[in-house]
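Please read the points below with the structure open beside you, and look up each residue as it is mentioned.

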Amino acid sequence: KLIETAKRHKLKSIKFRLAGGEPLSQFKSWKQFIPYAKQALLAVGCGLEVSFITNLTLLNDDITDFSKEYNLSFGVSLDGVGDTHDKTRRYLSGKGSFNVVDSNLRKLLSQKIPVSVNTVINNQNLSGLPELTHYLIALDVPFRYSIVKGEDIDAIHLEKYLNTSFS
């Protein structure tokens with residue numbers, strides 16, 4: 001379908017964002033598909049850019065080596081630093097995931113694999129935004145903050161912590 005679409009619309013490039021659930025849990029399948037898709041699309045004059053949208057808890061050397069070889073990038077969901085992140089991002093055991101995410105984020109950066117961070121702001125992580133902002137700037141990671149949808153958010157605190165983060 002990708003090849004047919006690329007031919008029909010004379011596309012020169014396709015961006016594939018692999019998200020939903022945890023795409024790295026299906027890495028073996030992506031490892032087979034991505035080289036095949038890149039080669040098949042290249043044959044019709046179309047490039048393929050691939051990124052994983054991930055919670056970054058499943059990174060390993062096989063994934064980083066493959067990512068470097070095929071120029072893959074990562075979008076990481078990060079809710080805060082330390083306990084702020086761990087309030088909402090826990091393993092089934094109840095243990096928080098921040099330390100693993102931090103270590104894996106640093107691995108990607110040390111290997112020059114492109115990465116960016118997205119944070120969904122809600123009342124639980126609002127007060128941690130200034131610390132998160134400092135953390136991401138210190139790592140020199142592009143990031144964006146999105147305000148949660150479908151949930152009431154404390155507007156006064158939102159303004160306060162966004163202004164503090166901006167400053």
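1. In this predicted model, strand 3 (residues 73–77) runs parallel to strand 4 (residues 115–121), and the two pair over 4 bridges. Within this pairing, Phe-74 stands opposite Val-115 of strand 4.

2. These strands belong to an open sheet of 5 strands, which has the order 1-2-3-4-5 and parallel pairing. Its edges are strand 1 (13–18) and strand 5 (143–147), each of which pairs on one side only, and the twist from one strand to the next averages 20°. Helix 2 (residues 27–42) packs on the sheet, where it touches strand 1 and strand 2 (47–54), and its direction makes about 160° with that of strand 2.

3. Leaving aside neighbours within four places in sequence, Leu-56 is in contact with several residues, including Phe-74, Val-76, Val-100 and Leu-108.

4. Which residue forms a salt bridge with Asp-62? The partner is Lys-31, with the closest N and O atoms 2.8 Å apart. Because Asp-62 lies in helix 3 (residues 61–69) and Lys-31 in helix 2, the pair ties together parts that are 31 residues apart in sequence.

5. Arg-89 forms a salt bridge with Asp-79, the closest N and O atoms being 2.9 Å apart. Arg-89 counts as partly exposed at 27% relative accessibility, whereas Asp-79, at 8%, counts as buried.

Terms used:
Residues numbered from 1 in each chain as written. Predicted model: local features only at pLDDT ≥ 70, side-chain atom pairs only at ≥ 80, totals over all residues. Heavy atoms only, no water. Pairing = 2+ DSSP bridges. Axes fitted to C-alpha atoms, helices over the stretch in contact; angles between N-to-C directions. Contact = heavy atoms within 4.5 Å. Salt bridge = Lys/Arg side-chain N within 4 Å of Asp/Glu carboxyl O. Buried < 20%, exposed > 50% of the residue type's maximum accessible area, 1.4 Å probe, protein only.
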